[in-house]
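Please open the structure in your viewer and keep the selection tool at hand. The tour below goes from stop to stop, saying at each what to select and what is there.

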Amino acid sequence: SIQDDKNWLPEGPAHREHEGVKRFAKGYIAYAGGGKNSRNKQLIISLTDVGALAGGSPWEVPFGELVGKHSFETLGKIYTGYGENGPTQGQLIAEGMDEHMRTAFHRLDYLKSCHIADRRMQPEKF
């Protein structure tokens with residue numbers, strides 16, 4: 001597992017709202033985790049602004065964000081129809097994405113590539 005990052009805002013439910021700061025804005029990227037030092041190789045990409053729902057714990061600290069119009073257009077195409085009935089993090093860790101999982105959850109989307117954007121580039125070039 002990956003150790004938690006130092007949170008850049010106060011932690012806990014009482015601090016999930018923070019005067020105009022979006023803790024977990026649309027397009028933010030963080031490691032998935034369910035408790036202290038529980039993150040691993042799975043990522044979360046926020047599909048909407050969820051300021052009050054995430055970012056209040058050290059395992060929810062965003063480390064990146066989508067950049068550019070095309071990235072957000074792609075984000076809007078991710079299938080979300082499984083909702084809370086998709087494969088759990090535990091299932092994916094235990095079973096991997098085997099043929100049974102591919103059949104049962106045939107509409108899952110996959111990241112095929114990503115890259116670190118040069119901060120000096122103009123966002124419209126992405």
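Begin by selecting Arg 102 and Glu 99, which form a salt bridge whose closest N and O atoms are 3.8 Å apart; the term stands for a side-chain nitrogen of Lys or Arg within 4 Å of a carboxyl oxygen of Asp or Glu. The structure holds 1 salt bridge. Side chains of opposite charge can pair when their charged atoms come close. Here Arg 102 and Glu 99 are 3 residues apart in helix α3 (residues 99–104), and so they are separated by about one helical turn. Glu 99 is exposed, at 54% relative accessible area, whereas Arg 102 is partly exposed, at 39%; buried means under 20% relative accessible area, exposed over 50% and partly exposed in between, with a 1.4 Å probe and protein chains only.

Before going on, keep in mind that this is a predicted model, in which local features need pLDDT of at least 70 and side-chain atom pairs count only at pLDDT 80 or more, while totals for chains, interfaces and linings use all residues. Residues are numbered from 1 along each chain as its sequence is written, and side-chain values use heavy atoms, with hydrogens and water left out.

Next, select the strands. They make an open sheet of 3 strands in the order β2-β1-β3, with antiparallel pairing, and its edge strands, β2 (43–45) and β3 (64–65), each pair on one side only. Helices (H or I, at least four residues) and strands (E, at least two) are DSSP runs numbered from the N terminus, and two strands pair if DSSP finds at least two bridges between them. Between β1 and β2, which pair in the antiparallel sense, there are 3 bridges, and Ala 30 has Ile 44 in β2 as its bridge partner. On the β3 side, 2 bridges join that strand to β1 (residues 28–31), and Ile 29 has Gly 64 in β3 as its bridge partner.

From the sheet, move to the loop between β1 and β2 and select Arg 39. Is Arg 39 buried or exposed? At 1% relative accessibility, Arg 39 counts as buried. If you also select Glu 60, which is 21 residues away along the chain, you will find the two C-alpha atoms separated by 8.9 Å.

The loop between β2 and β3 holds the next selection, Ser 46, which is buried at 4% relative accessibility. A polar atom of the Ser 46 side chain lies 2.4 Å from the backbone oxygen of Thr 48. Not counting residues up to four places away in sequence, Ser 46 touches Phe 24, Ala 25, Lys 26, Gly 27, Tyr 28 and Leu 75, where contact means heavy atoms within 4.5 Å.

Now select Phe 72 in helix α1 (residues 69–75), a residue that counts as partly exposed at 28% relative accessibility. Leaving aside neighbours within four places in sequence, Phe 72 is in contact with Lys 26, Gly 27, Leu 66 and Val 67. Of these, Lys 26 is 46 residues from Phe 72 in sequence, yet 8.7 Å away in space, C-alpha to C-alpha.

For the last stop, select Leu 111 in the segment after α3, which is exposed at 62% relative accessibility.

Note on methods: A polar contact is a pair of N or O atoms within 3.5 Å; within protein, one must be able to donate a hydrogen and the other to accept it, and residues adjacent in sequence count only if both atoms are side-chain atoms.
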